[in-house]
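The following paragraphs lead the reader through one structure, beginning with a ligand and its surroundings and then turning to a sheet and its helices.

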Amino acid sequence: MSFVEVAIKVPLPRTFDYKLDDGQSVSVGSRVEVSFANRRLVAMVVALKSDSQVPENKIKPITHIIDNEPVLSAQHIAFLRFTAQYYCHPLGETLFTALPGALRSGEHPDKTTVATVTLTDAGLNAPKLRSKKQQALLAQLHASGASSITELKALGFTKQQIDGLQEKALIKQYLAHDTQWALSPRAISSKPRLNEEQAAACSVINQHQGYQTFLLEGITGSGKTEVYLQCLEDIINSGQQALILVPEIGLTPQTVNRFRRRFPDTPIDLWHSNLTDNERLHVWRRSEQGSCALVIGTRSSIFLPFKNLGMVIVDEEHDSSFKQQDGLRYHARDLAVYRCARANIPLILGTATPALETLHKAIDKKFQLLTLSKRAQTKADNQFLLVDMKGQAEQSGFAPATLKHIEHTLARGKQVMVFLNRRGYAPTLLCHECGWLSECSHCSASTTFHKAMARLVCHHCAQQSYVPAQCPDCGSTQIMPVGLGTEQLEDFLQQHYPDTPISRIDRDSTRKKGALESALADINAGGKRILVGTQMLAKGHHFADVSLVIMLDVDGGLYSSDFRATEHMAQLITQVAGRAGRSGEPGTVLLQTHFPEHPLLQDLVNNGYQDFARYALQERQEAALPPYTHLALVRVEGTNSKIVIDFLADLVPVNPYSGIQLLGPVPAPMERVAGKYRYQLHIQASERPTLHSYLAQLMNYINEHKLANRIRWSIDVDPTDT
Ligand code: ADP
Ligand code: ZN
Ligand code: ZN
């Protein structure tokens, strides 16, 4: 008799055996249907066996074989097994997290075709269209050549706009066939001559055989993307595929067009959270069959099953969106390191502001450091200005000196960018008479006042309520907003400069599909003079005319309980600053602070992130914090705080385990969210193997624990928010 070991999407840290009937055959990596706890579930075969520990009268047959051909290769299963082990997550849930939705639910892998659009001759020579949107779509197709409808939608275009152009016969649609792309010399459109540093970086990367992680540390605008493009040329020409991982909000039309323009007849697919199940399956299959050369994707594209992967690039490797914060809590950058090592191929981590973990490995020579120290197009560096806020008569957060700088910049015909990482009008309402604060009844947080919506909104559980006309506690009508949000900044600036067009960019103003893209286009066309925004504005965009960047509140990052706060603040300041003076003259970066003498701030503005980061690493070493030690959290949440705390307290052994330090239970930074209490236990070890063997033991203990089904628990390995 033969048996199969299958993984099922259930929160249990084990696999299950089923038996095969005579004549049935199935391979590892194929899906089968099984009966499990009286339900029919899709399961993944992870091993074939000639015998099983399960008694013969207990073992069930599989109900149905779904795949004749495996949908996961043995190599890919090995990668996902590592992922499950490393992140202490059940194998079944890990496999099914990695699979696209359509395969999770048992659909046939080859059922997709994808509609593609290209310009007709009439479209190629079309005069300017009256409809702005249709004109933008036409321009996009000029820049990108043939594009799938999915991709156009991802860039914010609608079906109506596409149909509109088709009615005018300016474009035609066809179904793309998954032909293998030819290995002939490819058209490479014109490219700039690399400067010395870029050329050196490219030649080091291209001449390397096999696995190596390269940290490409280059200031914003130093031409990192150009290095990626030229390295990719070699990969594509040798018939291999490449994956380019980008932050969630870095997948902009500007980025995509740049790749498409450089490699005009090379199939490039996009992968991001807005795809439908069908579209995901399509990209998944194309990567597996070798039908696409490049995938540009967000975090979960690290799980795509490339047939012939030759290189991985992680752009803005420090970005927090590469870490998944629920379920399988993986870090796409760290998995890329493992995946490339196994596949024996190069990995490029590019950033202006390396994560301290990454920099540490580069200093330790585990990664090879390549540096770009000069801007590719501008000669001079940006200038930093610290505005001391002590005793200032501020108006909606702006110091008089800051307003002067804005006026001066506008008068010179340049754009101004104002940055504050808080959306809404004000983070809380306060009663002037009794001190009542607007607080969420389900979370330990205040509710944010949104003036235009006339609502109080909790940014943690999304609960909304009306703005009270009177104080709920004392009945006073003296209720006022406290603190600042981007909506208030826009309001104030618009009143202060009534003739200046202002654009606000945050999650509220860009909720509609395509709103962000059209706002960015308007900024680039010069229609807006002041840009107000959250970190959505900070990353990746190229605004040629911004010459003054203002950050209103940098103090929060200087004094915080999270040991990563200063690192994140320095990265943000540097990224935001990189938006100024992208071409032509150098820009000015103005930081408002109550602590202009703070040594970290001084180091950052005088010596740059490179210097700051090396100094911050020393501090981490002295404090025995990551990356000099290794950290994991047991996160627990539940409606009854006593059970949550008791459960965690019970995990702390009487005799400490050698090489492991435990801290907790401590409340999570947000102790209560959506009615659930959240506590955590910190587990720290100076050696990674010690940490992992301890976690394996701990997981067994937790799974047997009598309180485990009364709370929700998870283990977070290498957490990025503590
Ligand atoms: P980064 O990715 O480091 O921010 P980019 O690759 O986007 O930098 O380069 C910034 C700008 O400089 C872009 O407009 C790019 O086209 C241009 N650029 C990059 N390398 C060169 C070069 N060697 N010669 C001329 N222009 C370049
Ligand atoms: Zn009151
Ligand atoms: Zn809430």
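Which helix gives the most to the shell around ligand 1? In this predicted model, that place belongs to helix α9, spanning residues 224-237, which supplies three residues to the shell. In total, 15 residues surround ligand 1. The closest are P192, G223, K224, T225 and A376. Sorted by class, the shell comprises nine polar, three charged and three nonpolar residues.

Attention may now pass to a sheet further along the chain numbering. Strands of a sheet pair through backbone hydrogen bonds, in either a parallel or an antiparallel manner. The sheet considered here is open and has four strands, arranged in the order β28-β29-β27-β30 with antiparallel pairing. Its edge strands are β28 (660-673) and β30 (712-717), each of which pairs on one side only. From one strand to the next, the twist averages 20°.

The pairing of β27 with β30 can be followed in more detail. Strand β27 covers residues 630-638 and joins β30 in the antiparallel sense through six bridges. Within this part of the sheet, R635 stands opposite S714 of β30.

Two helices accompany these strands. Helix α21, residues 688-704, packs on the sheet and touches β27, β28, β29 and β30; its direction makes about 140° with that of β29. Helix α20, residues 641-651, lies across β27, β28 and β29 (676-685). Relative to β27, helix α20 runs at about 150°.

Methods: Residues are numbered from 1 along each chain as its sequence is written. Chains are lettered from A and ligands numbered from 1 in the order in which they are written. This is a predicted model: local features need pLDDT of at least 70, side-chain atom pairs count only at pLDDT 80 or more; totals for chains, interfaces and linings use all residues. Two strands pair if DSSP finds at least two bridges between them. Axes are lines fitted to C-alpha atoms, for helices over the stretch in contact, and angles run from 0 to 180 degrees between N-to-C directions. Two residues are in contact if their C-beta atoms, placed from the backbone, lie within 7 Å. A residue is near a molecule or strand if its C-beta atom, placed from the backbone, lies within 6 Å of it. Ala, Val, Leu, Ile, Met, Phe, Trp, Tyr, Cys and Pro count as nonpolar, Asp, Glu, Lys and Arg as charged, and the others, Gly among them, as polar.
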